[in-house]
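Here is a friendly walk through one protein chain, from its overall form down to single residues. Please keep the 3D view open as you read.

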Amino acid sequence: MSLLQTDDRTITQIITTHRNADFDAFASMVAASLIYPDATAVVPRAVNPNVRAFMSIHKDIFDYVDRRSIVAESVQRLIVVDTADWSRLGPLSVLKQRTDLWIDVWDHHEGGDIDASWICQEPIGATVTLLVRRLKELRKLITPIQATLLLTGLYEDTGNLSFSSCTPEDAYAAGWLLDRKADLSLVAKFLRPAYGEKQKDVLFEMLKNTSRMKVNGYSVSISRIRVEGHVNNLALVVRMYRDIVNVDAAFGLFESQQKNGRTKCMLIGRSDHDGLDVGSLMKSLGGGGHPGAGSAMVTGVNPEAVEQMIVDLIEGNQQSSVQISDLMSFPVFSVPSHTSMAEVAKILRRRGCTGLPVVDDEELKGIISRRDFKKIRKESQLSSPVKAFMSTKTVTIQPGKSPIQAARVMVRHDIGRLPVVEDGKLIGIITRSDAMTYFYDLLPD
Ligand SMILES: [Mn+2]
């Protein structure tokens, strides 16, 4: 800890953040200390291992103290970054009792029970972005090292600006930090520290037991591993695992035996798919996180049950969202199977479409498309019924499936439209452009 703090100065203003501080939390403290020059940063004792590594290298650059240097009674102003929850502040939560305390909060999470005197709380990619906004307004000069640290926090919480929680302002903030000489190779180094022997062992163990499954159209891998003692950086291991196994979402379920004999499960998830929000999934299990990454600690539940809970939550996640039936077109224009090819050609031309479903008594018999006309060898065949030329191996989809699943089926079979079928009956059709409409949020209200 820094020795710059001398005993003759009473600390009256402090900046702090949540326990297990990540880069966004730590960098936000550093940014806050530029905004509040009279305040002293109090780093929680528990910080993430990669943040710890950063701090040990940069000891002399940032001025911070341990909470033991703080006399709670002398504090007049408390500045909290990256959380708005007393329970996440650790021992400093004793300040909750104080009624005369001025409290400033900077946070990008929802909710929290800190009754702030002043608050800046917005749903944005990183807390750092909120502080950069103020640094810009104040025209503060920051050093390349500070810019690098701030960018590391911003990149960590936005998945290098790729998570769906990332906003344009996060990207502009990143640009501003790059302008101030943030070093991208250092950012990458801090966010992806080298793997130690223990991490490698865990990763190899996970890869040995790899299993993949399909849950509501998502490829998912859940790996259960028994770990002895404490292993740092399991989140990195899970990220690496997801990259190698190449699934939409990977989960590591790390079991360890507690002193009282009960099993403790550390659950860490990584998602590379916008539709699968690992953070909200973990929230349902008592943890938290962001759309791309999250974790939860589950005790007293057997690991099989935790595995089943993950699967159920992913299934539930899909059901609550948009289904094919919300996007499909209906009624569907179709032709009966006795229609002549000449008639079909006319209809296709008139309607300007490339294919039509063939339906008898609401039942889908096949699909006729422009391509099928290539099968016609002589003029006289134009008077033959469509059933002789239509393709009967039609790919269909059920109304309860998701737009993502529809898009995947269309890509896999190289088709632009999918008949929506329920109990053998054609009830609608979904086209590639319907699916695109959904993905680009152009859905009508
Ligand atoms: Mn954050």
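**The whole chain**

This is a predicted model, in which local features need pLDDT of at least 70 and side-chain atom pairs count only at pLDDT 80 or more, while totals for chains, interfaces and linings use all residues. Residues are numbered from 1 along each chain as its sequence is written.

The chain holds 14 helices and 16 strands; helices (H or I, at least four residues) and strands (E, at least two) are DSSP runs, numbered from the N terminus. Its C-alpha trace spans about 105 × 55 × 40 Å along the principal axes. The radius of gyration is 29 Å, whereas a compact globule of 445 residues would have one near 22 Å. That value is taken over C-alpha atoms, and the globule rule is 2.2 Å times the number of residues to the power 0.38.

Of the 445 residues, 39% are buried. Buried residues have 20 or more other C-beta atoms within 10 Å of their own, exposed ones 12 or fewer, and partly exposed ones fall in between, with C-beta atoms placed from the backbone. Among contacts between residues at least 6 apart in sequence, 65% join residues at least 24 apart; a contact needs C-beta atoms, placed from the backbone, within 7 Å.

Now to an open sheet of six strands, with the order 7-8-9-10-12-11 and mixed pairing. Two strands pair if DSSP finds at least two bridges between them. The edge strands, each pairing on one side only, are strand 7 (213-215) and strand 11 (288-290). On average, neighbouring strands of this sheet are turned by 25° against each other, direction ignored.

Two of its pairings are set side by side here.

| Strands | Sense | Bridges |
|---|---|---|
| Strand 8 (residues 218-226) and strand 9 | parallel | seven bridges |
| Strand 9 (residues 249-257) and strand 10 (residues 263-271) | antiparallel | nine bridges |

Val-220 stands opposite Ala-249 in strand 9, and Ala-250 has Arg-270 of strand 10 as its bridge partner. Strand 9 and strand 10 form a hairpin with five residues between them, and Gly-261 in the turn has a positive phi of about 90°.

**A helix pair**

How do helix 3 and helix 4 lie to each other? The axes of helix 3 (residues 127-137) and helix 4 (residues 144-158) come within 8 Å and cross at roughly 140°. Helix 3 and helix 4 are therefore oblique to each other. Val-128, Thr-129 and Val-132 of helix 3 make the contact with Leu-150, Gly-153 and Leu-154 of helix 4. Axes are lines fitted to C-alpha atoms, for helices over the stretch in contact, and angles run from 0 to 180 degrees between N-to-C directions. Angles under 35 degrees count as roughly parallel, over 145 as roughly antiparallel, 65 to 115 as roughly perpendicular and the rest as oblique.

**Two residues to look at**

Ser-165 lies in the loop between helix 4 and helix 5 (168-179). Ser-165 is partly exposed, because 18 other C-beta atoms lie within 10 Å. Not counting residues up to four places away in sequence, Ser-165 touches Gly-125, Thr-158, His-290 and Pro-291. Ser-165 and His-290 are 125 residues apart in sequence, yet 7.8 Å apart in space, C-alpha to C-alpha.

Met-309 sits in helix 10 (residues 303-319). Met-309 has 17 C-beta neighbours inside 10 Å and so counts as partly exposed.

How values were computed:
Two residues are in contact if their C-beta atoms, placed from the backbone, lie within 7 Å.
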